[in-house]
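Subject: Structure handover

Hi,

Here is the structure for you to look over. My notes follow below it.

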Amino acid sequence: MPVMWVHSMLPILLQPHRMRDLPEEDPSLQLDRGESFWRDHEPWLKAAGYVLRPRYHSEWIPSWLVEPEKFDMLCEDYRPLMLAPLMDAVREFDGLRVMLKWTDAEYNPTEVYVANFFSSEPLPSNPRNHSIPVYEILKVPDENNRAILVMPFFLRFDRPPFVCLGEIVDFIQQILEGLQFMHRQNVAHCDVKGTNIMSDALPLYDVPPHPLMVAESYTLETGSRVANSRTQRSTKHYLVDLGLSHLYLPGIPRLLVPRYGGNYTVPEFQDDSIELCDPFAVDIYCTGDLLRKRFRKGGRSSPAFHGLEFMDSLIADMTQDDPEKRPTIDEVVERFSRIARGLSRWKLLSRASTVDEAACKKILKNAKYWMYLPITNK
């Protein structure tokens with residue numbers, strides 16, 4: 001950005017101007033369409049008690065223009081949203097960090113109803129309910145179909161990283177238990193995948209992470225810092241994003257038109273002759289496929305883990321091509337519980353090492369791990 005331009009603009013920038021009044025030739029000054037929704041509704045959200053980050057204030061001026069000595073990419077308000085429907089905020093009356101999500105009834109007609117269903121007593125009091133809680137539902141004033149769900153601010157299920165195999169076993173057990181609870185309410189999730197599983201992991205940090213960059217603090221002034229592991233402080237995991245979910249009333253056939261959700265490997269979705277499929281069997285496949293890909297096969301950014309061979313037979317059954325051969329969620333939970341009970345304490349406390357670790361590095365990490373292993377659970 002030319003220095004002369006910055007200095008010539010300072011008298012203007014130091015006065016309150018809306019984003020749309022700033023020069024348009026610099027793309028870093030422009031919000032995209034998804035961000036503009038939040039900027040345009042920021043005063044209304046503020047009045048409702050929710051404070052957005054400075055970038056989405058209606059009178060936002062980029063901090064790197066107000067203070068030209070700042071490098072723009074290192075400024076907190078430089079970072080754009082990753083997903084337009086999602087926005088983090090602070091609840092004004094108690095300072096709680098929350099997540100806002102807009103949903104459109106024209107495209108996701110059941111989301112508000114199902115989310116409210118799992119957040120209405122007596123379901124929230126049931127410890128087996130792992131559907132993300134909804135604190136409040138806000139009706140967008142100028143749009144008939146759009147509402148905003150106010151939910152807890154959670155982190156991706158593998159942030160911070162798993163420390164020991166017992167934490168992975170506990171995670172899997174919780175997610176299977178949550179899916180079982182959902183299915184017993186005659187609800188199919190219909191989009192089980194890694195990005196739709198979150199964890200209440202903020203209590204593990206003494207320096208909380210930024211919502212877009214978990215390695216950085218909320219202000220970007222320091223790095224985030226983990227103070228506890230899941231072994232030290234138990235963490236609850238949640239199934240999120242009920243936008244495609246279906247609740248079936250008694251007597252209604254539990255069927256759905258295939259080719260929905262984010263997993264395109266579902267066998268029922270490959271055969272054009274299949275007009276209707278069982279969404280509960282699809283949930284089983286997608287859950288097994290998630291466990292296979294994330295923990296057993298891995299990928300370049302998330303390598304597989306050593307020591308989880310005990311899951312392979314169950315995963316193979318969950319991902320059978322024939323949906324009628326897949327176990328029900330009750331059978332999956334029973335089998336995995338039996339597997340977990342058979343694991344020794346030594347196995348559960350073993351370090352969660354990944355298959356890409358070099359042998360010498362693994363030896364050093366294991367030695368350090370066992371020397372400083374904290375095993376208390378709060």
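Asp-278 caps the N-terminal end of helix 6, with a side-chain oxygen 2.9 Å from the backbone nitrogen of Phe-280. Before I go on: this is a predicted model, where local features need pLDDT of at least 70 and side-chain atom pairs count only at pLDDT 80 or more, while totals for chains, interfaces and linings use all residues. Residues are numbered from 1 along each chain as its sequence is written, and side-chain values use heavy atoms, with hydrogens and water left out.

Helix 6

Helices (H or I, at least four residues) and strands (E, at least two) are DSSP runs, numbered from the N terminus. Helix 6 covers residues 279-297, 19 residues in total. From first C-alpha to last it reaches 25 Å, close to the 27 Å expected at 1.5 Å a residue. That expected span is 1.5 Å times one less than the number of residues. Of the 19 residues, 15 are buried. Buried means under 20% relative accessible area, exposed over 50%, and partly exposed in between (1.4 Å probe, protein chains only). Gly-298 follows helix 6, and its phi is positive, near 70°.

Aromatic pairs

There are 18 aromatic pairs in the structure. Rings of Phe, Tyr and Trp (its six-membered ring) pair if their centres lie within 6.5 Å; planes under 30 degrees apart count as stacked, over 60 as edge-to-face and the rest as tilted. Phe-162 and Phe-171 make a tilted pair, 5.8 Å centre to centre with 55° between the planes. Phe-162 and Phe-171 are buried. Trp-346 and Trp-370 make a stacked pair, at 4.7 Å and 10°. Trp-346 lies in helix 9 (residues 345-349) and Trp-370 in helix 10 (residues 359-371), so this pair ties together parts that are 24 residues apart in sequence. Trp-346 is exposed, at 61% relative accessible area. Trp-370 is partly exposed, at 33%. One aromatic cluster is formed by Phe-157, Phe-162, Phe-171, Phe-295 and Phe-305.

Between helix 9 and helix 10

Thr-354 sits in the loop between these two helices. Thr-354 counts as buried because its relative accessibility is 14%. Its side chain makes a polar contact of 2.5 Å with that of Asp-356. A polar contact is a pair of N or O atoms within 3.5 Å; within protein, one must be able to donate a hydrogen and the other to accept it, and residues adjacent in sequence count only if both atoms are side-chain atoms.

Pockets

On a 1 Å grid over the protein atoms alone, a cavity is a set of points where a 1.4 Å probe fits but cannot get out, and a pocket is an open set with protein on both sides within 12 Å along at least five of seven lines; lining residues have an atom within 4 Å of a point. Grid points are joined across faces, edges and corners, and a volume is the space filled by probe spheres set on the points.

The largest pocket has a volume of about 1,200 Å³. It has 40 lining residues, with Leu-83, Leu-86, Met-99, Thr-195 and Met-198 nearest its centre. Strand 3 gives the most to this lining, with five residues.

The second largest pocket holds about 860 Å³. It has 33 lining residues, and among the closest to its centre are Phe-162 and Arg-351. Helix 10 gives the most here, with four residues.
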